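Let's take a walk through this structure together, one piece at a time.

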Amino acid sequence: MQLSYLSEPSVLYNLQYRYSQDMIYTKAGPVLVAVNPFKNVSLYGTEYIDAYRNKTMDSPHVYAIADAALREMKRDEVNQSIIISGESGAGKTETAKIAMQYLASLGGGSGIEYEILQTNPILEAFGNAKTLRNDNSSRFGKLIEIHFSTTGRICGAMIQTFLLEKSRVVQCAVGERSYHIFYQLCAGAPASLREKLNLKKVDEFKYLKQSCCYSIAGVDDAQMFRTVTEAMNIVHISKEDQESVFAMVSAVLWLGDVSFTVIDNENHVEIIVDEASETVAELLGCSIEDLNLALSKRHMKVNNENIVQKLTLAQATDTRDALAKSVYASLFEWLVEQINKSLSVGKRRTGRSISILDIYGFESFDKNSFEQFCINYANERLQQHFNRHLFKLEQEEYVEDGIDWAKVDFEDNQDCLNLFEKKPLGLLSLLDEESTFPNATDLTFANKLKQHLNSNSCFRGERGKAFAVRHYAGEVVYDSSGFLEKNRDLLHMDSIQLLAKCKSSLPQTFASKMLAQSDNSISVPYRSSAADSQKLSVAMKFKGQLFQLMQRLESTTPHFIRCIKPNNLQLPAIYEQGLVLQQLKCCGVLEVVRISRSGYPTRMTHQKFARRYGFLLLEDVASQDPLSVSVAILHQFNILPEMYQVGYTKLFFRTGQVSDSIYPICCIITTLECKAVVFSTCSQAMSCT
Ligand SMILES: Nc1ncnc2c1ncn2[C@@H]1O[C@H](COP(=O)(O)OP(=O)(O)OP(=O)(O)O)[C@@H](O)[C@H]1O
């Protein structure tokens with residue numbers, strides 16, 4: 001079915017009607033819209049995969065998108081990307097897994113595809129958590145690049161992750177959970193491991209207790225633990241390494257229980273020697289004395305003199321939490337490295353790949369902090385990529401080729417990106433500058449923003465420490481409390497040295513990595529004088545990662561999937577029109593529909609068109625220029641003038657509307673192709689006889 005009358009209500013009605021029939025996928029021009037069913041729908045599995053593979057089914061589906069990516073990769077020899085976006089709980093991760101299943105099924109055979117699928121339970125255990133919006137929310141971004149051999153078989157994969165939300169390890173809102181693995185380990189570890197790691201019940205660990213939420217309806221954490229260890233076996237993480245991983249998980253939990261006692265009237269502290277501190281020392285492989293030194297004192301160099309500062313209770317608690325966050329984030333990074341080693345493409349690399357991007361969607365809450373600031377910045381970059389491919393490049397090409405075209409307006413977010421990225425007076429530069437000043441506070445940072453950016457139309461200063469940014473998806477008010485600390489993300493040298501001294505191998509590995517990173521980065525006066533780890537700020541590292549990601553995506557043919565959350569209750573059969581409309585509007589889907597209805601997405605140069613179809617002409621055209629040949633072909637076959645436009649260098653053909661069929665290949669080309677095939681088959685047959 002194609003909508004002939006296109007308006008906001010008709011698009012909404014169409015989506016809602018289809019949703020009520022469990023047709024959760026709809027095509028909006030080249031974009032696949034996927035509405036989360038919040039229930040099992042019978043649209044997946046071998047039967048469906050075969051149907052899409054054999055083209056006996058062509059209704060919109062993630063399988064159809066994955067199939068198109070696979071075909072275009074082979075046909076054009078160009079890397080492809082499937083870019084999945086949508087807000088938290090909209091279904092991005094599930095969609096990514098469905099796409100992976102299809103690719104694994106079609107490109108499988110070597111066994112590596114099974115390993116690739118098994119990375120999901122591991123990454124979800126360590127990187128997902130229950131939030132108020134999604135019981136299985138990814139708290140990191142992920143790009144998985146699946147590599148194919150020349151024969152189209154999967155030969156390896158590479159996973160890149162972005163910005164894990166590490167604050168969740170030590171701080172978690174009421175009703176949410178920390179990372180799944182903490183609960184899975186406590187519920188599912190066999191007795192011997194439980195004893196070795198000195199595990200308690202989840203509601204006995206301080207880090208987990210603060211949110212008063214321990215289980216997820218319908219989820220068996222003990223069973224999930226077995227699934228995760230099985231997946232670790234499959235990606236070749238040895239039993240010994242698995243035990244070391246779980247020792248780190250337990251050490252992080254126990255760190256939260258380490259407490260301090262005040263030792264003098266200046267409120268200086270040392271750690272209490274009890275079960276918590278003893279277990280942490282045991283699991284990390286260090287002495288209690290070393291642990292105490294790292295958490296209660298700080299070595300600094302002031303005017304070339306080494307001094308030792310005793311920490312107050314608040315400072316010691318922050319140092320302990322920073323250590324817990326760093327150990328967990330390093331563990332996550334290490335796991336991804338191990339997975340990548342196991343999936344490594346190695347010498348079999350052919351350069352052809354399909355990348356699937358599943359990155360956190362735009363977030364706007366009652367209180368928005370540094371995490372939302374980074375996530376929304378990433379979404380601005382992705383929206384720019386989406387706009388470039390679906391609006392900018394498309395329309396620029398029409399104009400350059402001189403075809404008759406009424407411009408379709410779209411919300412260009414370049415101004416907002418400039419607000420973030422401009423040097424020296426953009427949000428990121430100002431944040432970094434302020435992060436290097438020892439006496440700076442979140443308030444001085446907010447004031448600096450207001451001083452320099454108040455005239456920017458995408459920025460609005462708010463009272464106190466707050467400021468607002470006008471994002472493409474709506475205005476977000478940020479509370480700058482904690483911005484500087486989170487951006488500096490300091491792990492003091494004393495903590496790094498503690499890890500380096502540990503007998504267990506993982507802490508040592510983490511420490512070497514941290515030291516290497518601080519060596520490679522710029523030094524800033526404040527940190528070097530304080531002998532801190534001199535690493536790149538979190539925002540700058542993230543910006544660098546995003547630039548690399550965009551560069552990678554720019555060299556691919558993109559396929560876009562927009563996931564939509566039909567209700568905030570995570571329940572099936574509830575479709576809130578207002579909520580859906582807001583999501584469609586903010587991600588530009590309605591404009592995409594407009595442009596693909598009125599645009600000309602299929603095109604071919606006159607040379608290519610003339611070369612390909614010129615021989616079908618009745619008269620001899622050898623002496624004519626390609627443009628005249630193109631026009632002659634179109635006339636000879638009575639192609640309706642409203643179906644195409646003749647540009648200076650290319651022919652542009654119409655197609656695509658809001659449609660429930662796969663983005664159709666231009667019927668004109670198909671007609672001509674059929675004639676060409678029939679003709680060349682006949683002439684070959686004749687020349688053989
Ligand atoms: N195709 C689907 N079929 C059945 N259930 C689905 C489907 N897609 C999503 N869901 C349900 O919605 C939940 C949320 O989906 P998912 O975790 O993929 O969202 P997300 O967009 O990745 O969210 P976040 O950004 O928070 O990670 C899933 O746990 C699952 O219950």
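Start with helix H12, residues 239-255, and helix H15, residues 313-343: their axes come within 9 Å and cross at roughly 160 degrees. Angles over 145 degrees count as roughly antiparallel, so that is the label for H12 against H15. The crossing of this pair is left-handed. On the H12 side, the contact is built from Val-245, Met-248, Ala-251, Val-252 and Leu-255. H15 answers with Arg-320, Leu-323, Ala-324, Val-327, Tyr-328, Leu-331 and Leu-335. Sort the residues of this contact by class and you get 11 nonpolar, no polar and one charged. Keep in mind as you look around that this is a predicted model.

Helix H6, residues 119-127, has an axis that comes within 11 Å of the H15 axis, and the two cross at roughly 175 degrees. That angle makes H6 roughly antiparallel to H15. Where do they meet? Thr-119, Ile-122, Phe-126 and Gly-127 of H6 face Phe-332, Leu-335 and Ile-339 of H15. This contact holds five nonpolar residues, two polar ones and no charged ones.

Helix H16 (residues 370-400) and helix H24 (residues 538-554) have axes that come within 11 Å and cross at roughly 20 degrees. Are they parallel or antiparallel, roughly speaking? With angles under 35 degrees counted as roughly parallel, H16 and H24 are therefore roughly parallel to each other. H16 passes H24 in a right-handed crossing. Cys-374, Ala-378, Arg-381 and His-385 make the contact from H16, while H24 brings Ala-539, Phe-542, Leu-546, Met-550 and Leu-553.

Next, the ligand. There are 20 residues around it, and Ser-88, Gly-91, Glu-94, Ser-137 and Ser-138 come nearest. Helix H4 (92-107) and strand E5 (137-138) each give at least two residues to the shell. H4 has the largest share, with three residues. The shell as a whole divides into six nonpolar, 12 polar and two charged residues.

Step back and look at the chain in terms of domains. The domain assignment gives domain 1 as 8-166 + 346-363 + 545-596, domain 2 as 370-486 and domain 3 as 602-653 + 657-688. Where domains 2 and 3 touch, domain 2 puts in four residues and domain 3 puts in six. The side of domain 2 that touches domain 3 has one nonpolar, one polar and two charged residues.

Finally, two backbone details. Most residues other than glycine have a negative phi, and most peptide bonds are trans. Asp-22 is not a glycine, yet it has a positive phi of about 65 degrees. You'll find Asp-22 in the loop between helix H1 (8-20) and strand E1 (25-28). The other spot is the peptide bond from Lys-423 to Pro-424, which is cis, with omega near 0 degrees. Pro-424 sits in the loop between helix H17 (414-421) and helix H18 (427-435).

Conventions
Residues numbered from 1 in each chain as written. Predicted model: local features only at pLDDT ≥ 70, side-chain atom pairs only at ≥ 80, totals over all residues. Axes fitted to C-alpha atoms, helices over the stretch in contact; angles between N-to-C directions. Helix = DSSP H or I, 4+ residues; strand = E, 2+ residues; numbered from the N terminus. Parallel < 35°, antiparallel > 145°, perpendicular 65-115°, else oblique. Left-handed = near helix turned anticlockwise from the far one by under 90°. Contact = placed C-beta atoms within 7 Å. Nonpolar A, V, L, I, M, F, W, Y, C, P; charged D, E, K, R; others polar. Near = placed C-beta within 6 Å. Domains from an automatic or database assignment.
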